Amino acid sequence: MRIAMIGTGYVGLVSGACFADFGHQVTCVDKDESKIAALRRGEIPIFEPGLDALVASNVKARRLDFTTDLKAPVAEADAVFIAVGTPSRRGDGHADLSYVYAAAREIAEALEGFTVVVTKSTVPVGTGDEVERRIREANPKADFVVASNPEFLREGAAIRDFKFPDRIVVGTSDERARKVLSDIYRPLSLNQAPLMFTARRTAELIKYAANAFLATKITFINEIADLSEKVGADVQEVARGIGLDNRIGSKFLHAGPGFGGSCFPKDTRALVKIAQDHDVQLRIVEAVLGVNDNRKRAMARKVATAAGNLRGKKVAVLGLTFKPDTDDMREAPSIPLVTGLLDMGAKVRAHDPVGMEQARKELPEIEYFDDPYECVRGADAMVVVTEWVQYRTLDLERLKAEMAQPVVIDLRNIYRPADMEAHGFVYESVGRAPEPKV
């Protein structure tokens, strides 16, 4: 099958490379000439484990190429995937669909023969209807079908998620489109991946509902962590105790500083706005957003409680990206944390294995170090914000020797309280207060 992937961001590049690895002929299209030139040189604009090798092997096999010219790839394609950004619209929280609609207009002008136009971007319910209307208006003679095929990729594990998916959701009622998309995903049949066909609007809502539910699980366990600290319980054991119930499951029950990234914050906001537009109030989702925002701001106060007055003190922050195995800084909890520490007068220094280039754009006023031990040297407190595996294996004796004051605030619970106490640290974690003595 011939595929045109419009957009070479996270979703577009990963999806395009994986489709090419299935044996399809894929052309990724982007307006950014510098990005396309870099991709042709083998330079990957995002950090995703294994993506550089996957792109290189499929470019070498001539199954994957990159261009700024949309016309030829779309004209030759059996399916055109729209994988452009849908950020939160400034001012009202709605998804900004300007890139989707701009892509639709250009696609309309280039269509030749029967083509399935697939929205891969996360879009509000009804967007497929509007994309179809705009293409039809721009090119009344075009033979096409608009389908929805939302992505469910975790940053840091995206290639595995694409090749071994829990499910593949396709929103279309057209038999020709069903056949094209079935053929595209046929290589996954060996993995028995469930291909779920629904109405287009249902598929669009599935994506938002999934992200909102996962955000709710994170927020729920974070509130239970706060209660655990007050009553002397261990939130990690609570999470394990409820996660072993197969009706609940253990995933996304890890207490921390709140959720961030490119999906959960914007998609939960957009879902609330979609509901409001239809006179429906999603009280649980609204509460999730409020609790998460408050939690991220409260983390700086947690540091101050553990370390005392922060004015003039050096605070070392380990981990800046919103999660490990990515360089994504979008809505990362580290941003409000660092901002709060600076407001309290702290001198902030930071380390992240891959995210410092992106972090400098968001947090230019702090000092960056290439080595975690250099980062903590002379620090009055150390804060673990992202659970990179490198931080789990730090030499605790050396860590204490480098610090001016052995104060560690572990927002990801990567260390054992007993180990930290044995090494003489003043240690604060999330939802793991000592049990009260009887």
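Me: What should I know about the numbering and the model before starting?
Reply: The model is predicted, so local features need pLDDT of at least 70 and side-chain atom pairs count only at pLDDT 80 or more, while totals for chains, interfaces and linings use all residues. Residues are numbered from 1 along each chain as its sequence is written, and side-chain values use heavy atoms, with hydrogens and water left out.

Me: How are two packed helices described?
Reply: By the angle between their axes and the distance between the axes. Axes are lines fitted to C-alpha atoms, for helices over the stretch in contact, with angles from 0 to 180 degrees between N-to-C directions. Helices (H or I, at least four residues) and strands (E, at least two) are DSSP runs, numbered from the N terminus. Here, take helix H5 (residues 98-110) and helix H6 (residues 127-138): their axes come within 8 Å and cross at roughly 35°.

Me: What is the handedness of the crossing of H5 and H6?
Reply: Right-handed. That label applies if the near helix is turned clockwise from the far one by less than a right angle, and left-handed if anticlockwise.

Me: Which residues of H5 and H6 meet?
Reply: Contact means heavy atoms within 4.5 Å. From H5 come Val100, Tyr101, Ala104, Arg105 and Ala108; from H6, Thr127, Glu130, Val131, Arg134, Ile135 and Ala138. By class, this contact has seven nonpolar, one polar and three charged residues. Ala, Val, Leu, Ile, Met, Phe, Trp, Tyr, Cys and Pro count as nonpolar, Asp, Glu, Lys and Arg as charged, and the others, Gly among them, as polar.

Me: Is Glu112 buried or exposed?
Reply: Buried means under 20% relative accessible area, exposed over 50%, partly exposed in between (1.4 Å probe, protein chains only). Glu112 has 52% relative accessibility, so Glu112 counts as exposed. Glu112 sits in the loop between H5 and strand S5 (115-119). Its C-alpha atom is 7.6 Å from that of Asp143, 31 residues apart along the chain.

Me: How many residues does the largest nonpolar core have?
Reply: A nonpolar core is a set of buried Ala, Val, Leu, Ile, Met, Phe, Trp, Tyr and Cys residues joined through side-chain atoms within 4.5 Å. The largest has 40 residues, and those with the most contacts inside it include Phe19, Leu64 and Ile184. Helix H1 (residues 10-21) gives the largest share, eight residues. Apart from this core lies another, of 36 residues, among them Val317 and Leu341.

Me: How many aromatic pairs does the structure hold?
Reply: Rings of Phe, Tyr and Trp (its six-membered ring) pair if their centres lie within 6.5 Å; planes under 30 degrees apart are stacked, over 60 edge-to-face, the rest tilted. The structure holds eight such pairs. Phe19 and Phe22 have ring centres 6.1 Å apart and planes at 75°, so the pair is edge-to-face. Phe19 and Tyr185 are also edge-to-face, because their centres are 5.5 Å apart and their planes at 65°. This pair links distant parts of the chain: Phe19 is in helix H1, Tyr185 in the loop between helix H8 (175-184) and strand S8 (195-198), 166 residues apart. Ring pairs link Phe19, Phe22, Phe81, Phe162 and Tyr185 into a cluster.

Me: Where does Asn413 lie?
Reply: In the loop between strand S13 (407-410) and helix H18 (417-422). Asn413 has a positive phi of about 55° although it is not a glycine. Asn413 is buried, because its relative accessible area is 8%.
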